[in-house]
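Subject: Structure for your files

Hello,

Here is the structure we talked about, followed by notes on what turned up in it. Please read the notes with the structure open.

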Amino acid sequence: MAHCAVCTSADTGFLAEKNGYSFSRCNVCDFIFLDPMPAQEELNIQYTDKNKEAEPTYNKAGSRLRRAWVKLPRFFPYAWTKNTLDLGCGGGFIAHVLSMVAKTSTGIDINANAVAYARSRFPRPVFLCKSFTELLESDKQYDFIYSSEVIEHVSNVNLFMSVLQHLAAPQAHIYITTPDSGHPKVPRNISQWDVFTPPIHVQFFSKKTAGILFERYGFRIVKFYKNKKPGLIFLARKI
Ligand SMILES: [Zn+2]
């Protein structure tokens, strides 16, 4: 049984099995994770190999763009005249709307097809195709980092957090969304939860898990947004 990657406790135990994958849960911080955890290279195949979403046109592009505009007022106080980043930007919809209010807007994704689509569609932001390890070499920092539905996909959550820490300017705001394993609407038998889909989603967080993880990397969660659906939406600040 693996140690918890979030709080490092050895107090973890088997939780559930699905699609031939086994999940463990940390009894200290609620972290739910694939055990054993596949290597990132194995997971990346899903995002880099002929991803249907990215070509030739982006799936549901119209509604993605509309939803990005609807979300913009929420980001405005943190993004206005700032350097902003969408980490895991996909087709670039959020980076595009951020570019209308920010000083600079950057979108980064591991999927080259998604980045190519974003570049061809949205001229204002800068789009980069980079891996986490490449990002640790970057000398750019951002005041507002948006990363939606990314953290539940990464093999090494500590590497993801190191990247966030590295890219966040002092006092930066970080806006994260991810499934919420502590939400009352999650089925009692967690393997029936519609987002419980290994190896697409390899780990799950509750408010408690997120708080412990972000604090370890020098962030404080300043706000959890209300959500009727089982999704965590929160704003953290670099201390
Ligand atoms: Zn833990």
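Does Cys-7 count as buried or exposed? Cys-7 counts as buried, at 17% relative accessibility. Bear in mind that this is a predicted model, and that the values below are computed from it.

Cysteines

There are 0 disulfides in the structure. Cys-89 also counts as buried, with a relative accessibility of 6%. The cut-off for a disulfide is 2.5 Å between the sulfur atoms.

Overall fold

The chain has 7 helices and 11 strands. Its radius of gyration is 17 Å, close to the 18 Å that the globule rule gives for 239 residues, so the chain is as compact as a globular protein of that length. The C-alpha trace spans about 50 × 40 × 35 Å along its principal axes. Of the 239 residues, 51% are buried. Among contacts with a separation of 6 or more, 62% are between residues 24 or more positions apart. The chain exposes about 11,700 Å², and carbon and sulfur atoms supply 53% of that area.

Helix 4

Helix 4 covers residues 112-121, and its buried residues are Ala-114, Val-115, Tyr-117 and Ala-118. Viewed down the helix axis, these buried residues fall within an arc of 160°, so they line one face of helix 4. What covers the buried residues of helix 4? The cover includes helix 2 (61-79) and helix 3 (93-98), along with strand 5 (104-109) and strand 6 (126-129). The N-terminal end of helix 4 is capped by Asn-111, which has a side-chain oxygen 2.8 Å from the backbone nitrogen of Asn-113.

Helix 6

In helix 6 (residues 157-167), the buried residues are Val-157, Asn-158, Phe-160, Met-161, Val-163, Leu-164 and Leu-167. An asparagine is found at the start of this helix too: a side-chain oxygen of Asn-156 reaches to within 3.0 Å of the backbone nitrogen of Asn-158.

Two residues and their surroundings

Asp-30 sits in the loop between strand 2 (21-26) and strand 3 (32-34). At 17% relative accessibility Asp-30 counts as buried, since the limit for buried is under 20%. Which side chain does the side chain of Asp-30 make a polar contact with? The partner is the side chain of Ser-206, at 3.1 Å. Setting aside neighbours within four places in sequence, Asp-30 is in contact with Arg-25, Phe-204, Ser-206, Lys-208 and Thr-209.

Ile-221 belongs to strand 10 (residues 219-224). With neighbours within four places in sequence again left out, Ile-221 is in contact with Ala-210, Gly-211, Phe-214, Phe-234, Leu-235 and Ala-236. The C-alpha atoms of Ile-221 and Ile-174 are separated by 8.9 Å, although these residues are 47 residues apart along the chain.

Backbone points to check

Most residues other than glycine have a negative phi, and most peptide bonds are trans. The following places depart from that background.

- The peptide bond from Asp-35 to Pro-36 is cis, with omega near 10°. Pro-36 is in the loop between strand 3 and helix 1 (40-48).
- Pro-198 and Pro-199 are joined by a cis peptide bond with omega about 0°. Pro-199 is in the loop between strand 8 (168-179) and strand 9 (203-204).
- Thr-8 has a positive phi, near 70°. Thr-8 lies in the segment before strand 1 (12-18) and is exposed, with a relative accessible area of 52%.
- Asn-19 is not a glycine, yet its phi is positive at about 50°. Asn-19 is in the loop between strand 1 and strand 2 and counts as exposed, at 53% relative accessibility.

Regards

Conventions
Residues numbered from 1 in each chain as written. Predicted model: local features only at pLDDT ≥ 70, side-chain atom pairs only at ≥ 80, totals over all residues. Heavy atoms only, no water. Buried < 20%, exposed > 50% of the residue type's maximum accessible area, 1.4 Å probe, protein only. Helix = DSSP H or I, 4+ residues; strand = E, 2+ residues; numbered from the N terminus. Arc of directions from axis to C-beta. Contact = heavy atoms within 4.5 Å. Polar contact = N/O pair within 3.5 Å; in protein donor to acceptor, adjacent residues only side chain to side chain. Rg over C-alpha atoms; globule rule 2.2 N^0.38 Å. Areas by Shrake-Rupley, 256 points an atom, 1.4 Å probe, with all protein chains shown as cover.
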